[in-house]
Amino acid sequence: MKPGAYVHVPFCAHRCAYCSFVAIEGRTEEREFFEGVEREIRSRAGDASGGLRDFDSAYFGGGTPSYVDARHLRRLLDALEEVYGLASDVEVTAEANPDDLDGEKLRALRDAGVNRLSIGVQSLVDEELLPLERRHDAAKARRAVREAVSAFGNVSADLMIGIPGQTRGTLHASLDGLLEAGVSHLSAYLLEIEKAPKLVALRRDRPDLFADDDEMADRWLELDERLEASGLPRYEISNWARPGFESRHNLKYWTLAPVLGFGVAAHSFDGRRRSANTGALAEYLRRTHRGESPCVLEEEETGDSPGRKEGLMLGLRLAGGVPSSSFEETLALLAPAEASRIRDAFEAGLLETVDEPGTSGVERERRVRLTRKGVLLSNEVFALFL
Ligand SMILES: C[S@@+](CC[C@H](N)C(=O)[O-])C[C@H]1O[C@@H](n2cnc3c(N)ncnc32)[C@H](O)[C@@H]1O
Ligand code: SF4
């Protein structure tokens, strides 16, 4: 698989109530930040001479890439093209907030070279957007997704399960609205509130607004069934797509393909080494403007059992799972008690072995994957690998 590039854009107009991403309100240091990222890209030209070339995906995540001037994204794509080379069919995704998306912004993003949008919708119900402190209402989100689909064709939306006040009916209404608007990809996340003090306080005062674990699981199962029936089968624990519209970039994380990360808090894996940039914007600016590396952590991949277990955990996130042969090879490296704990997950109905057609379409390949129950209890399954 070819390498990809990730750029973390840390600016947001407003911090949503639930969010713990590296994101700063306002865009006062926008210009300095993008200058720093461009320097960082150029300073890592050694990665290109080391063989990382011809990137076939670039992903602007955040934060809110749609909030900044799209010309910055263009300049970074030009720098990536110069240093690493971009494949002619490169997938270029930008995450977007519906509030930013009018005709002018959509054109600017397209002109910048973006060809796929991932829009943070969360819900198409006004009463659910309020406690999340989203800056858009449902009508704006619906319009933004519709216009984005006609401008880009390839549009993903994020939905949340477990928003305060959400019911199965309102979740279906949000899902129907997105399908009607023509999204070809959908990510659905269970709302996590542990790092969100405002939502923790709301749950203490109004527990009736929050779904319990069983209800969350039922909502997830219904969503999974409806998306499958609508022609968007699940390809990863939290991701569904019309065939051919799976996120090429995100697939790289689950298959351990190289992804170089640029910008504040970005992580990289070059196929051998993992590294991470500082998560503090001021330090990122200081380092990149002095010509120093913003990298604060580096680890060598050793190919031994911890690395291989991580590879299995990531691969098991995919609906297709992992080849049975690599699953068995990894288990053979583990202590017998650990391997047998993992094998117990088959008995418990969390893992299964299936015969899938091989890549040639003729040969059949045995694969190990999570069952639907295993997907719902994936944290328990992954804990067996830690
Ligand atoms: C970087 S944001 C997407 C783009 C843009 N910043 C926005 O919010 O519109 C990535 C996605 O992560 C999900 N997310 C963030 N915090 C979450 C949380 N605490 N629980 C569940 N999902 C969360 C949301 O669905 C969000 O759209
Ligand atoms: S707009 Fe997106 S990144 Fe920014 S605070 Fe909200 S969820 Fe987080």
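Colleague: How many residues of the shell around ligand 2 are nonpolar, how many polar and how many charged?
Modeller: Four are nonpolar, four polar and two charged. Ala, Val, Leu, Ile, Met, Phe, Trp, Tyr, Cys and Pro count as nonpolar; Asp, Glu, Lys and Arg count as charged; the others, Gly among them, count as polar. One caution before we go on. This is a predicted model: local features need pLDDT of at least 70, side-chain atom pairs count only at pLDDT 80 or more, and totals for chains, interfaces and linings use all residues. Residues are numbered from 1 along each chain as its sequence is written, chains are lettered from A and ligands numbered from 1 in the order in which they are written, and side-chain values use heavy atoms, with hydrogens and water left out.

Colleague: Which residues surround ligand 2?
Modeller: C12, H14, R15, C16, Y18, C19, G63, T64, N97 and R134 surround ligand 2. A residue is near a molecule or strand if one of its heavy atoms lies within 4 Å of it.

Colleague: Where is G63?
Modeller: G63 sits in the loop between strand 4 (55–62) and helix 3. Helices (H or I, at least four residues) and strands (E, at least two) are DSSP runs, numbered from the N terminus.

Colleague: And what is the peptide bond from G62 to G63, cis or trans?
Modeller: That bond is cis, with omega near 20°. Most residues other than glycine have a negative phi, and most peptide bonds are trans.

Colleague: What is the phi of E133, positive or negative?
Modeller: Positive, at about 60°, although E133 is not a glycine. E133 lies in the loop between helix 5 (126–132) and helix 6 (138–152). E133 is partly exposed, because its relative accessible area is 23%. Buried means under 20% relative accessible area, exposed over 50%, and partly exposed in between (1.4 Å probe, protein chains only).

Colleague: What about A265: what is its phi?
Modeller: Near 65°, a positive value in a residue other than glycine. A265 is in the loop between strand 11 (259–262) and strand 12 (267–269).

Colleague: Helices now. At what angle do helix 3 and helix 4 pack?
Modeller: Helix 3 (residues 70–83) and helix 4 (residues 103–112) pack at about 10°, with their axes 8 Å apart. Axes are lines fitted to C-alpha atoms, for helices over the stretch in contact, and angles run from 0 to 180 degrees between N-to-C directions. Helix 3 and helix 4 are therefore roughly parallel to each other. Angles under 35 degrees count as roughly parallel, over 145 as roughly antiparallel, 65 to 115 as roughly perpendicular and the rest as oblique.

Colleague: Which residues make the contact between helix 3 and helix 4?
Modeller: A70, L73, R74 and L77 come from helix 3, and K105, A108, L109, D111 and A112 from helix 4. Contact means heavy atoms within 4.5 Å. By class, this contact has six nonpolar, no polar and three charged residues.

Colleague: New topic. How many salt bridges does the structure hold?
Modeller: The structure holds 37. A salt bridge is a side-chain nitrogen of Lys or Arg within 4 Å of a carboxyl oxygen of Asp or Glu. R168, E215, D218, R219 and E222 are linked in a network of them.

Colleague: What is the N to O distance between R31 and E35?
Modeller: 2.8 Å, in a salt bridge of their side chains. R31 and E35 are separated by about one helical turn, because they are four residues apart in helix 1. R31 is partly exposed at 49%, and E35 is partly exposed at 32%. R31 also forms a salt bridge with E32, with the closest N and O atoms 3.7 Å apart.

Colleague: With which residue does E30 form a salt bridge?
Modeller: With R27, at 2.6 Å between the closest N and O atoms. E30 counts as buried, because its relative accessibility is 5%. R27 is partly exposed, at 38%.

Colleague: Where is R42?
Modeller: R42 is in helix 1 (residues 30–43). Leaving aside neighbours within four places in sequence, R42 is in contact with A79, E82 and V83. R42 is partly exposed, with a relative accessible area of 33%.

Colleague: Last one: is E338 buried or exposed, and what is its relative accessible area?
Modeller: E338 is buried, because its relative accessible area is 15%. E338 lies in helix 14 (residues 336–347). Not counting residues up to four places away in sequence, E338 touches K309, L384 and L386. The C-alpha atoms of E338 and R75 are separated by 49 Å, and these residues are 263 residues apart along the chain.
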